[in-house]
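Visitor: I have a structure here that is new to me. Can you walk me through it?
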Amino acid sequence: MFYGHVADLSQQPLLPVRLRLLIEKTLATIKREGTTGKHVLDGDNAFFILAEEMTEPAALRRPEIHARYLDVQILLEGEELMGYYPRLMKARPDEDRLATQDLAFFNQIDGEQFLAMLPGDFVVFWPGDAHRPLCAVTEPVTIRKVVIKVDANW
């Protein structure tokens, strides 16, 4: 997992340059177009989904993992709690859709921690990093966010 703010992208030496460039390209595309939905960056290798969604109490959200794609989640508007597990996930998921949707869910993760996300904050989850998006900070609110999906082999 990697956490930062888009204003500091050029000063993040641990963020791979290729990934930084994808984030910058995504933000420029959103600024130009701004339409919700899926946008292709490089075929199935890299794309992003711009969405307006409602946060929910954390108890109603399930932690998830991906195997093929890494997630770059950037909060554009609103506030969101992002759950994450700070260790390598070794448990078996409670619902496994990795083969068909690159998605698996857990009902509970002991030791989960939370980040309070504000506009401009981003987090990168590598394949296998457990995370719980769309959690309400206090009350549910509508947020605008972008999720960049990047094939780990790209």
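Visitor: Which strand gives the most to the lining of the largest pocket?
Guide: That is β3, with four residues. This is a predicted model, where local features need pLDDT of at least 70, side-chain atom pairs count only at pLDDT 80 or more, and totals for chains, interfaces and linings use all residues. Residues are numbered from 1 along each chain as its sequence is written, and side-chain values use heavy atoms, with hydrogens and water left out.

Visitor: What counts as a pocket?
Guide: On a 1 Å grid over the protein atoms alone, a pocket is an open set of points where a 1.4 Å probe fits, with protein on both sides within 12 Å along at least five of seven lines; lining residues have an atom within 4 Å of a point.

Visitor: Which residues lie nearest the centre of the largest one?
Guide: Ile49, His66, Asp71, Val147 and Lys149, out of 20 lining residues. Two or more lining residues come from each of β3 (46-54), β5 (69-77), β11 (131-135) and β12 (142-151). Strands here are DSSP runs (E, at least two residues), numbered from the N terminus.

Visitor: Switching to the sheet, what is the strand order?
Guide: The order is β1-β10-β5-β12-β3-β2, an open sheet of six strands with antiparallel pairing. Two strands pair if DSSP finds at least two bridges between them. At the edges, β1 (2-5) and β2 (37-42) each pair on one side only.

Visitor: And how many bridges join β5 and β10?
Guide: Four, in the antiparallel sense, with β10 spanning residues 121-125. Gln73 has Val123 in β10 as its bridge partner.
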